[in-house]
Amino acid sequence: MNQVCKCLKCGYVGVRMDGDPDIHTFRNCNGQLENVPLTVDEYDVIVSAKIRVIQDEDEYFNFFHSMIELKKNNIDEFNKKISEWDSQRDPKLVRDLQELRNNPNPIPRINPRYPKCPNCNSVNVRKIDFVERAGSIAVFGLFSKKIGKSFKCKGCGYTW
């Protein structure tokens, strides 16, 4: 039976399909997956409601973690939010999610918008911001390792 899980290493929250391993392999994270107290239907309602609102991946996962805590601590409030969001869902998105869940051989999709770490192939990366780069150059000068680098992998720490 499909189960909603979170990765204990990177915080990814998603649905583990029947027969999938207990290791988070989707983003080459290799973290251990832990079942969370959300049903697949609840997960789909949350995704449908928030997929267009939240753009940042960290904010997205933090939102899921807060919903998991809400369900543990205040089931009535959780059910109220799920009912409200369920009534506002786009019917086409609901059909697409159902087709995805019912497809026995889903085609893995890789979002080309996410840069991948050339060292470990993880997409759990972040852009090095101006302040961080400027601070490193101010402290280390020409010996700074952030000159000419744009991204940093959150998994292995590699910068490129």
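Two strands count as paired if DSSP finds at least two bridges between them, and the exercises below apply this to a predicted model.

**Exercise 1. Work out the order of the strands in the open sheet of four strands, and state which strands stand at its edges.**

Step 1. Begin with strand E1 (residues 3-7), which pairs with strand E4 (residues 31-35) in the antiparallel sense over three bridges; within this pairing, Lys 6 has Glu 34 in E4 as its bridge partner.

Step 2. Turn to the pairing of E1 with strand E2 (residues 13-16), where four bridges join the two strands and the direction is again antiparallel. Here the bridge partner of Lys 6 is Val 13 in E2, while Glu 34 in E4 is also a bridge partner of Lys 6. E1 and E2 form a hairpin with five residues between them, and Gly 11 in the turn has a positive phi of about 90°.

Step 3. Put together, the pairings give an open sheet with the order E2-E1-E4-E3 and antiparallel pairing. E2 and E3 each have a single partner strand and therefore stand at the edges, with one side of each left without a neighbour in the sheet.

**Exercise 2. Describe helix H2 (residues 57-73), and decide how its axis is oriented towards that of helix H3 (residues 75-87).**

Step 1. Helix H2 has 17 residues and reaches 24 Å from its first C-alpha to its last, which is close to the 24 Å expected at 1.5 Å a residue.

Step 2. The buried residues of H2 include Tyr 60, Phe 61, Phe 63, Phe 64, Met 67 and Ile 68, and Glu 57 and Lys 71 are also among them. When reading such a list, recall that an α-helix has 3.6 residues a turn, so residues three or four places apart point the same way.

Step 3. H2 and H3 pack with their axes 6 Å apart, at an angle of about 130°. Because angles over 145 degrees count as roughly antiparallel and those from 65 to 115 as roughly perpendicular, H2 is oblique to H3.

Step 4. On the H2 side, the residues that meet H3 are Phe 63, Met 67, Leu 70, Lys 71 and Asn 73, and their counterparts in H3 are Ile 75, Glu 77, Phe 78, Lys 81 and Trp 85. Sorted by class, this contact has six nonpolar, one polar and three charged residues.

**Exercise 3. Is Thr 159 buried or exposed, and which residues is Thr 159 in contact with?**

Step 1. Locate Thr 159 in the segment after strand E6 (151-153).

Step 2. The relative accessible area of Thr 159 is 17%, and buried means under 20%, so Thr 159 is buried.

Step 3. Leaving aside neighbours within four places in sequence, Thr 159 is in contact with Ile 128, Lys 145, Lys 149, Phe 151 and Lys 152.

Step 4. For the setting, buried residues make up 34% of the 160 residues in the chain, which has five helices and six strands.

Conventions: Residues numbered from 1 in each chain as written. Predicted model: local features only at pLDDT ≥ 70, side-chain atom pairs only at ≥ 80, totals over all residues. Heavy atoms only, no water. Expected span 1.5 Å × (residues − 1). Buried < 20%, exposed > 50% of the residue type's maximum accessible area, 1.4 Å probe, protein only. Contact = heavy atoms within 4.5 Å. Axes fitted to C-alpha atoms, helices over the stretch in contact; angles between N-to-C directions. Parallel < 35°, antiparallel > 145°, perpendicular 65-115°, else oblique. Nonpolar A, V, L, I, M, F, W, Y, C, P; charged D, E, K, R; others polar.
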